[in-house]
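The following questions and answers concern a single protein model. Please consult the sequence and the structure shown here.

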Amino acid sequence: MNTQLKILLYIGLVVGILYYIQTKYSLFDISFDNPISKIEKKDKEEGNEVNSLEILNRDGQKIYVEVEVANTPQLRESGLSNRDILGDYQGMLFVFDSQGDYSFWMKDMLIPLDLIYIDYAGYIVDIREDLLPCEGEYCPNITANEPFMYVLEVNSGFVEINRVDIGNAVVFNISSEE
């Protein structure tokens with residue numbers, strides 16, 4: 001057996017051992033799964049309801065996002081204002097009473113966001129990426145090109161990292177008590 005093949009086999013063996021150790025003992029602060037799916041499984045086992053949604057991305061992967069629901073005028077008005085942190089797979093889901101055209105803005109925001117617009121049937125109809133907080137007094141309105149019933153606000157870069165596109169399907173896992 002030549003030297004290069006032996007080196008590749010040794011590397012494969014070491015990677016396999018590290019993978020086994022990680023999955024069994026979680027020694028390193030890394031994960032090979034979507035973190036929300038693990039949280040959802042744990043919460044369901046404990047009987048806790050977690051509001052979430054699943055986006056079926058362009059690669060056919062399910063992207064889980066834990067969401068806070070803004071389904072009243074007061075909750076929609078405050079949104080994610082004055083928050084300085086949002087988890088990688090966390091967001092706010094704005095729920096409107098009917099499909100239409102509603103405007104958003106980045107007033108009092110501290111973090112940049114991606115906005116994902118979803119229609120009544122659960123399909124992404126528009127996306128706005130890398131929206132920066134307003135500077136100064138002027139704060140422009142942000143609108144979609146298509147009517148929508150839901151808007152998901154997530155960290156800036158989420159759409160690109162998770163390969164989310166217009167036309168992707170969304171499944172809602174929202175408690176009816178909201």
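Throughout, buried means under 20% relative accessible area, exposed means over 50%, and partly exposed lies in between (1.4 Å probe, protein chains only). This is a predicted model, in which local features need pLDDT of at least 70 and side-chain atom pairs count only at pLDDT 80 or more, while totals for chains, interfaces and linings use all residues. Residues are numbered from 1 along each chain as its sequence is written, and side-chain values use heavy atoms, with hydrogens and water left out.

Q: What is the order of the strands in the open sheet of seven strands?
A: Strands are DSSP runs (E, at least two residues) and helices likewise (H or I, at least four), numbered from the N terminus. Two strands pair if DSSP finds at least two bridges between them. The pairing in this open sheet is mixed, and the order is β5-β4-β6-β3-β2-β1-β7.

Q: Which strands stand at the edges of the sheet?
A: A strand with a single partner has one side left without a neighbour in the sheet, so the edges are found by looking for such strands. The two are β5 (124–131) and β7 (169–173).

Q: By what angle are neighbouring strands of this sheet turned against each other on average?
A: Axes are lines fitted to C-alpha atoms, for helices over the stretch in contact, and angles run from 0 to 180 degrees between N-to-C directions. With direction ignored, the average for neighbouring strands of this sheet is 30°.

Q: Which residue of β6 is the bridge partner of Tyr-117?
A: β4 pairs with β5 in the antiparallel sense through five bridges, and there Leu-113 has Leu-131 as its bridge partner. β4 also pairs with strand β6 (residues 148–155), again antiparallel, over six bridges. In β6, the partner of Tyr-117 is Val-151.

Q: Which residue takes a positive phi in the hairpin of β4 and β5?
A: This hairpin has five residues between the strands. The positive phi is near 90° and belongs to Gly-122.

Q: What relative accessible area does Glu-54 have?
A: Glu-54 forms a salt bridge with Lys-62 (3.8 Å, N to O), a salt bridge being a side-chain nitrogen of Lys or Arg within 4 Å of a carboxyl oxygen of Asp or Glu. Glu-54 counts as buried, its relative accessible area being 14%.

Q: How far apart are the closest N and O atoms of Asp-126 and Arg-128?
A: The structure holds six salt bridges, and Asp-126 and Arg-128 form one of them. Asp-126 is buried at 4% relative accessible area, while Arg-128 is partly exposed at 21%. The closest N and O atoms are separated by 3.0 Å.

Q: Which residues form a nonpolar patch on the surface?
A: Patches are made of residues with over 30% relative accessible area and no salt bridge, like charges being joined within 9 Å and nonpolar side chains (Val, Leu, Ile, Met, Phe, Trp, Tyr) within 5 Å. Accessible areas come from the Shrake-Rupley method with a 1.4 Å probe, and for residues only the protein chains shown count as cover. Ile-11, found in helix α1 (residues 3–25), is partly exposed at 49%. The patch has about 390 Å² of accessible area together and consists of Ile-7, Leu-8, Ile-11 and Val-15.
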